[in-house]
Amino acid sequence: MKFLPLLALAALGLTAAARADDGYDLWLRYHPLEKPLAARYAPAATEVVSAAHSATADVTRAELVKGLSGLLAKKVAVGESVHQAGAVLFGTPENSATIKNLNLPLGQLGPEGYLIRSAVVGGKKLTVIAGNSDVGVLYGAYRFLKLIQTHEAIDKLDIASAPKVKLRLLNHWDNLDATIERGYAGSSIFKWWELPEHVSPRMVDYARANASIGINGTVLINVNASSLVLTQEYLQKAAALADTFRPYGIKVYLVARFSAPIEIGGLKTADPLDPQVREWWKHKADEIYHYIPDFGGFLIKANSEGQPGPGDYGRTHAEGANMFAEALAPHGGVVMWRAFVYSHEVPDDRIKQAYNEFKPLDGKFLPNVILQVKNGPLDFQPREPFSALFGATPATNTGLEVQITKEYLGFNTHLVYLGTMWQELLGSDTFAKGPGSTVAKVIDGSMFGYKQTMMAGVSNIGSDRNWSGSIFDQANWYAFGRLAWDPEAKADVIASDWVKQTFTSNPAFLKPVTALMMGSRETAVDYMTPLGLAHQMGTSGHYGPGPWVDSAGRADWNPVYYNRADKSGIGFERGPSGSNAVAQYFPPLSTIWAKPETTPENLLLWFHHVPWNYAMKSGRPLWDELVGRYDQGVANVDAMAAEWLNLKPYVDDERFALTADYLTIQKRDARLWRDASIAYFQSVSGLPLPAGVKKPPHSLGFYEQLEWPYAPGQGAPGRKIKPPPVEVAQ
Ligand code: GCV
């Protein structure tokens with residue numbers, strides 16, 4: 001192809017900024033670099049060399065060729081041995097004599113780590129990408145391409161990296177009928193109906209994207225599971241996906257529904273101590289491994305939100321989990337047993353219940369069981385403290401579950417970067433073994449020497465062309481992978497890498513967009529649930545505000561259960577005079593969080609019920625501060641939207657417009673959250689609005705009538721449909 005001069009391209013509206021882009025390529029965009037940059041890199045990327053020919057080596061080669069030829073806009077030679085200076089040589093000591101002879105320090109890198117080095121071999125300068133396994137090398141190849149995408153120097157490389165967490169998994173809450181519980185990006189990408197005969201080519205791009213950020217496993221279906229997925233027909237379908245993902249180092253996992261022996265096995269019971277049931281699961285495991293030899297294992301939601309479990313037979317969670325563990329152990333599989341458990345009877349503060357259930361079972365689980373704990377003790381709220389289970393189960397492998405899909409954070413239409421939220425969590429000190437006992441050190445296994453380590457993210461991926469429902473939600477998928485690889489990685493570095501790979505490295509764009517992302521989660525907290533409030537969303541859909549809701553199926557699904565707002569004040573008392581949830585944490589947190597004066601203000605109402613006139617650090621009474629936070633949230637979204645409009649010259653039209661439209665929605669919603677919350681809390685506090693504060697435009701009654709019956713992600717559409725309220729202007 002002939003290259004047209006840049007000016008001519010600009011005249012045709014075809015410069016990099018203007019080219020339409022639907023976001024399908026995610027952060028793996030290998031669009032040509034500007035000429036001077038490409039010229040800088042070209043001498044160090046003349047050919048891709050490897051003698052390895054495994055399925056993984058083949059995809060590594062293909063990715064390097066695709067990436068380098070795209071970025072450098074030139075043909076890149078491929079060979080089995082080095083012919084010219086500037087070769088990119090990849091492999092392991094087993095499949096490359098050159099790499100073996102280099103005696104590289106691969107010992108510390110484990111099975112998935114990699115090393116990237118500039119070296120001189122036979123008088124020729126080259127770049128070596130090496131690892132102990134083909135998959136480690138593939139990760140190294142993605143890192144090498146990222147160096148070029150992010151405009152790093154590549155002439156004197158000496159990079160070594162290995163994942164700190166062993167199992168880095170996506171959890172899809174996808175149903176077999178292609179709907180997605182809490183999915184906001186279309187329907188499921190796993191087309192079970194067409195499998196195993198047809199595997200969508202999109203599955204390869206899914207695997208590429210995951211491998212590029214180090215994700216090495218995927219749970220294909222919803223934890224609210226159907227037993228059907230364990231039937232022969234569906235195992236064959238799952239096997240077709242496993243075959244497609246395998247070259248990319250990605251294992252397939254399934255959800256095991258506890259009652260499957262009854263539902264698909266014809267047994268009368270699913271009691272985990274019944275010999276027939278145990279035998280059934282052993283056979284089932286053997287059958288699965290027949291179809292999927294490297295099957296990863298089971299994820300199980302038991303005795304939680306109506307799912308069956310060992311409690312139905314008077315057995316403990318450990319007895320239940322160990323039954324599966326025994327069935328999987330001969331094959332090397334693991335059981336991820338979810339700790340998201342709270343009782344039907346609501347006997348105690350809901351946030352205490354998982355700890356109460358699992359702490360006494362510490363040490364009773366088999367070595368191939370991992371307790372899968374949500375980040376906070378409640379449910380993926382905009383802000384919660386870390387779950388008290390982190391640090392409390394030294395004798396039980398304990399893994400982390402975060403939610404990439406933004407069930408409680410404005411779905412795909414609110415721009416909220418979750419890297420900062422996860423960094424806050426992972427950096428939180430549990431004090432389990434004194435200062436420095438961070439959640440990161442618990443889950444990477446270094447604190448208690450766990451045999452299995454795991455970090456799972458509830459996926460935000462769907463059939464939308466842009467995968468995640470918005471461009472900026474791709475950053476959350478990306479950040480999850482990066483943090484699972486290194487839980488101590490920094491959110492700002494991750495955000496900036498993502499912006500560079502996804503958009504541009506131009507500082508005029510990079511700086512403001514990274515800043516916008518970094519502030520976005522705190523902004524959402526401000527307009528939704530400031531000062532430690534939680535679960536104030538309307539029930540079912542969890543989209544808009546509903547602080548007044550007191551009619552949900554059970555008390556602890558109600559926002560009023562959490563805000564406890566009354567004439568005397570607001571907040572849930574969890575100090576010694578209340579539910580004493582603080583006692584589940586290690587000292588000094590149990591003491592610091594026991595009193596409002598020493599509780600950080602961003603968790604104040606989570607831990608304490610305080611009077612409306614409680615004096616805040618700002619000097620304002622609590623009521624004024626609360627109102628101020630809502631206003632701040634709205635102002636920040638306005639500023640984000642305005643900032644984005646300034647950035648039009650640096651973005652293609654399609655991604656610019658989508659993001660601008662969504663920011664308009666976010667502006668609307670932030671106002672609604674602010675207005676509805678202030679209207680409700682004012683009706684309870686009876687206090688006047690602080691001077692200069694704008695009155696909500698409608699009466700409380702108006703907001704109370706709002707519903708979002710068709711909000712996506714609720715499974716069957718329209719769980720509860722009412723005609724929309726008639727607007728009454730104030
Ligand atoms: C998959 C919350 C969500 C449910 C989800 C559950 C869980 O309650 O609203 O949709 O169910 O968490 O994590 O199991």
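Which residues does the UniProt annotation "domain: Glycosyl hydrolase family 67 C-terminal" cover? In the unreviewed entry, this annotation covers residues 469-693. The structure described here is a predicted model.

## The annotated C-terminal span

Residues 469-693 are 53% helix and 0% strand, and the end C-alpha atoms of the span lie 35 Å apart. The name and limits of this domain come from the UniProt record.

## The open sheet

Six strands make up an open sheet with mixed pairing, in the order β2-β1-β3-β5-β4-β6.

Strands of a sheet pair through backbone hydrogen bonds, either parallel or antiparallel. Strand β4 (residues 114-121) pairs with β6 in the antiparallel sense, over four bridges. Y114 stands opposite S161 in β6.

## The closed barrel

Eight strands form a closed barrel with parallel pairing, running β7-β8-β9-β10-β11-β12-β13-β14.

Several of the pairings can be followed strand by strand. Strand β7 (residues 167-171) runs parallel to strand β8 (residues 217-219), and three bridges join them. N171 has V219 in β8 as its bridge partner. Strand β9 (residues 251-255) pairs with strand β10 (residues 297-300) in the parallel sense over three bridges, and V255 has L299 in β10 as its bridge partner. β10 in turn pairs with strand β11 (residues 334-338), parallel and over four bridges. There, the bridge partner of G297 is V334 in β11.

## Around the barrel strands

Helix α7 (residues 232-245) lies across β8 and β9 and runs at about 150° to β9. V199 is found in the loop between β7 and α6 (202-212). Leaving out residues up to four places away in sequence, V199 touches A240, L241 and T244. V199 and L241 are 42 residues apart in sequence, and their C-alpha atoms are 7.2 Å apart in space.

Why does V199 count as partly exposed? Its relative accessibility is 26%, and partly exposed means between the 20% limit for buried and the 50% limit for exposed.

## Helices α12 and α16

Helix α12 (residues 419-426) is mostly covered, with six of its eight residues buried. The buried residues are G419, T420, M421, W422, L425 and L426. They pack against two strands of the barrel, β13 (398-403) and β14 (454-458), and against the helices α13 (439-443), α14 (471-485), α15 (491-502) and α16 (507-528).

S520 has its place in helix α16. S520 counts as buried because its relative accessibility is 1%, and buried means under 20%. Not counting residues up to four places away in sequence, S520 touches L415, V416, Y417 and M640. From S520 to M640 there are 120 residues in sequence, but the C-alpha atoms are 8.3 Å apart.

## The nonpolar cores

In soluble globular proteins, nonpolar side chains tend to be buried together. The largest nonpolar core of this model has 198 residues, and F144, W281, W337 and W644 have the most contacts inside it. Beyond four places in sequence, F144 touches A44, L64, L68, V88, I116, T127, I129, I154 and L157. A second, separate core has 29 residues, among them A565, M616, Y630 and Y680.

Q149 is in helix α5 (residues 134-149). Is Q149 buried or exposed? At 5% relative accessibility, Q149 counts as buried.

A polar atom of the Q149 side chain lies 3.1 Å from the backbone oxygen of R29. Setting aside neighbours within four places in sequence, Q149 is in contact with W27, L28, R29, Y30, L71, K500, Q501 and S505.

Conventions. Residues are numbered from 1 along each chain as its sequence is written. This is a predicted model: local features need pLDDT of at least 70, side-chain atom pairs count only at pLDDT 80 or more; totals for chains, interfaces and linings use all residues. Side-chain values use heavy atoms; hydrogens and water are left out. A nonpolar core is a set of buried Ala, Val, Leu, Ile, Met, Phe, Trp, Tyr and Cys residues joined through side-chain atoms within 4.5 Å. Buried means under 20% relative accessible area, exposed over 50%, partly exposed in between (1.4 Å probe, protein chains only). Contact means heavy atoms within 4.5 Å. A polar contact is a pair of N or O atoms within 3.5 Å; within protein, one must be able to donate a hydrogen and the other to accept it, and residues adjacent in sequence count only if both atoms are side-chain atoms. Two strands pair if DSSP finds at least two bridges between them. UniProt positions are given in the numbering used here, feature names are shortened, and annotations may be inferred rather than shown by experiment. Axes are lines fitted to C-alpha atoms, for helices over the stretch in contact, and angles run from 0 to 180 degrees between N-to-C directions.
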